[in-house]
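Biologist: I have the model open. Can you walk me through part of it?
Modeller: Here it is.

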Amino acid sequence: MKGLRDLADNPIIGGVVKKAMSKIASNDAKLIAEHFSQYLRPQIAVTEELKRGVYRLRHQVYCEELHFEDIKENYEEFDEFDARSIHCLIRHLSSEQLAGTVRVIKCADKDDLLPIEKYCSHAFENSELMPKNFPRESICEISRLAVPANFRKRTIDKFKGAATGAINESVFSETELRCFPYIAICLYMAATSMAIHANRYHGFVMMEPRLARSLSFVGISFQQIGKLIDFHGPRAPFYIDGRQLKESLSPGFKKLLSIIEQDLILTGGLTGNGDLSQQQDFVTSPLLFAP
């Protein structure tokens, strides 16, 4: 796949290569979708207990692994924007460990700014696709996506590397290992679904261009709207209209998105009509232990 990515930038054959990569990814996603719900379950964090679990996972990734932030005394990473955010988590069912999290930040009133406006406005270059051009109640920011090390790595060794969080074959099945690289994609899908159900169609995110490029191969098309700046590494502002997601996804990933939305609805975190008020605690849900 890496060789194909290199060829994708070729001005002559790049278009054909990109289509081939999308086809490969879509076919793989169909297989993953059939097993995803057996091992992983997305859920909106609707209780303080679940939110604290999200903050602890973020601390593990952002403070202890990546060192983007200082170690906190209570080992929870949170900020001023969490109070007006929708938090999503993905749980590994057999171990009950959190395998990933992401948040969707909303504007509670007309004076609220998104983090991308407060800290990265100097990077904006597209005058049309700026948060200030849309009603405050229709914008959001996808932020704080975190996947811990033991759910990021596919190459494993039963002994070497265990101390740094390498996946242990005796704990995770081969099929589970194939699902893990899709966790980040699923978190972006879940975030977009949450935004749509909250009527926040205009989404913004700071990300590496190579990540946006990778997401485009599966049909998640973020549009770069500004220049690269140093923000925990080289990142640029991107925009997405969540209403276009289902149309742009390849068939395999449409199936995966459907499963994610069903899980968010069935576990009580998301209702079919876009109402986020009817929710239940993921921990007590009988679906946590469903096959």
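Biologist: What follows H3, and what is its phi?
Modeller: His67 follows H3, and its phi is positive, near 60°. Helices (H or I, at least four residues) and strands (E, at least two) are DSSP runs, numbered from the N terminus.

Biologist: What should I keep in mind about the source?
Modeller: This is a predicted model, in which local features need pLDDT of at least 70 and side-chain atom pairs count only at pLDDT 80 or more, while totals for chains, interfaces and linings use all residues. Residues are numbered from 1 along each chain as its sequence is written, and side-chain values use heavy atoms, leaving out hydrogens and water.

Biologist: Where is the kink in H3 centred?
Modeller: On His59, at about 25°. The bend at a residue is the angle between axes fitted to the seven residues ending there and the seven starting there.

Biologist: Which residues of H3 are buried?
Modeller: Among them are Leu50, Tyr55, His59 and Cys63. Buried means under 20% relative accessible area, with exposed over 50% and partly exposed in between (1.4 Å probe, protein chains only).

Biologist: New topic. How many residues of S4 are buried?
Modeller: 7 of the 8, so S4 is largely enclosed by the rest of the structure.

Biologist: Does S3 run parallel or antiparallel to S4?
Modeller: Antiparallel, with 5 bridges joining S3 to S4; two strands pair if DSSP finds at least two bridges between them. Val104 stands opposite Ile142 in S4.

Biologist: And how many bridges pair S4 with S5?
Modeller: 3, in the parallel sense, with S5 covering residues 202-207. Cys140 stands opposite Gly203 in S5.
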